Amino acid sequence: MSEINLSHIYQTVCNAPGGNGFRVEHMPELFATSDIDDCMAHVHSFYEILWFQDGEGIHTVDFVDYKVVPGTIFFLSPGQIHHFDCKDNYRGVAIKMCTDLIKVSNSSTNISRLFLEYNAFHTYEGTPYYIIDEPTSKLLQPLIHEMELEAERNGELGNIDILKSLLTIFLAKIERYGKHEAEQTVDYRKPSHLLFIRFRQLVEQEYRQLHTVQEYANRLNVSVRSLSNSVNECSGKSPLIFINNRIILEAKRLVLYSDLMIKEIAYMLGYDDPSYFVKHFKRHTGYLPSEFREMER
């Protein structure tokens with residue numbers, strides 16, 4: 001089985017020798033200096049925050065078109081495919097972070113950080129952006145300035161710790177004051193809501209290997225009923241919907257943006273029987289994988 005090769009649409013800040021894996025850039029200048037065409041579909045291997053301060057248009061993320069207005073802040077995770085409709089009308093800020101810089105461990109001392117990460121990034125089942133008003137913009141702007149200065153102090157004492165702290169404050173203020181189109185509000189102080197966040201984290205880590213609610217419940221050391229109640233309370237959806245949606249999203253990415261054969265994609269996503277994967281894909285998209293590939297291309 002061949003390995004995934006998406007190098008033709010990848011770009012990264014994580015492989016810079018000696019770098020701290022953190023970069024602040026400004027629109028529209030970043031479009032002029034980018035190695036790729038940001039108006040064409042591409043995927044990053046790093047986390048990215050896109051704060052559109054001026055200009056309107058369409059930002060497409062994982063096959064969904066989202067309207068861009070001033071004050072829109074998008075959160076993109078590694079592997080998400082996106083592009084812009086027009087790069088000349090936008091003014092704003094792009095924050096790019098290596099995965100190791102934002103990665104949160106399972107330690108209980110990192111509950112708030114885990115919540116901030118998984119309530120902003122990895123929102124594959126919901127809208128990947130917040131809307132902020134002018135007062136909130138004024139709160140965030142000094143943090144951008146501090147992050148930009150600190151990003152240039154690579155190697156100095158406490159550089160990574162300061163960047164992580166500034167990023168945490170930035171995310172917390174957006175979570176407090178920004179508007180998000182989530183149907184339910186998730187509260188990290190509630191055990192059932194924290195279970196939901198842990199479930200989302202585990203789905204992102206294991207969707208290729210674990211396909212059933214029972215498997216996730218076992219790994220989280222809870223009953224299927226408790227997990228189902230938690231996920232439904234926080235999202236109005238069942239755990240199985242989350243699991244299937246994540247698998248199908250990755251399948252669509254690989255079908256469209258790789259040259260892998262369908263059976264290779266099936267094996268990569270944990271399906272020993274490619275024919276079952278094909279049926280599963282059609283049940284959720286309405287198309288056979290081969291039809292989806294030809295139609296989209």
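Author: Leaving aside residues up to four places away in sequence, His280 touches Asn244, Ile248 and Tyr271. This is read from a predicted model. His280 itself lies in helix 11. Its relative accessible area is 5%, and because buried means under 20%, His280 counts as buried.

Two of the residues that His280 touches, Asn244 and Ile248, belong to helix 9 and take part in its contact with helix 11. Helix 9 spans residues 239–257 and helix 11 spans residues 274–285. The two helices pack with their axes 11 Å apart, at an angle of about 105°. Angles of 65 to 115 degrees count as roughly perpendicular, so helix 9 is roughly perpendicular to helix 11.

On the side of helix 9, the contact is made by Asn244, Ile248, Ala251, Lys252 and Val255. Helix 11 brings Phe277, His280, Phe281, His284 and Thr285. Sorted by class, five residues of this contact are nonpolar, four are polar and one is charged. Lys252 of helix 9 is the charged one, because Lys is counted in that class.

A last point concerns the cysteines. The structure holds zero disulfides. Cys39 has a relative accessible area of 23%, so it is partly exposed rather than buried. Cys98, with a relative accessibility of 12%, falls under the 20% limit and therefore counts as buried.

How values were computed. Residues are numbered from 1 along each chain as its sequence is written. This is a predicted model: local features need pLDDT of at least 70, side-chain atom pairs count only at pLDDT 80 or more; totals for chains, interfaces and linings use all residues. Side-chain values use heavy atoms; hydrogens and water are left out. A disulfide is a pair of cysteine sulfur atoms within 2.5 Å. Buried means under 20% relative accessible area, exposed over 50%, partly exposed in between (1.4 Å probe, protein chains only). Axes are lines fitted to C-alpha atoms, for helices over the stretch in contact, and angles run from 0 to 180 degrees between N-to-C directions. Helices (H or I, at least four residues) and strands (E, at least two) are DSSP runs, numbered from the N terminus. Angles under 35 degrees count as roughly parallel, over 145 as roughly antiparallel, 65 to 115 as roughly perpendicular and the rest as oblique. Contact means heavy atoms within 4.5 Å.
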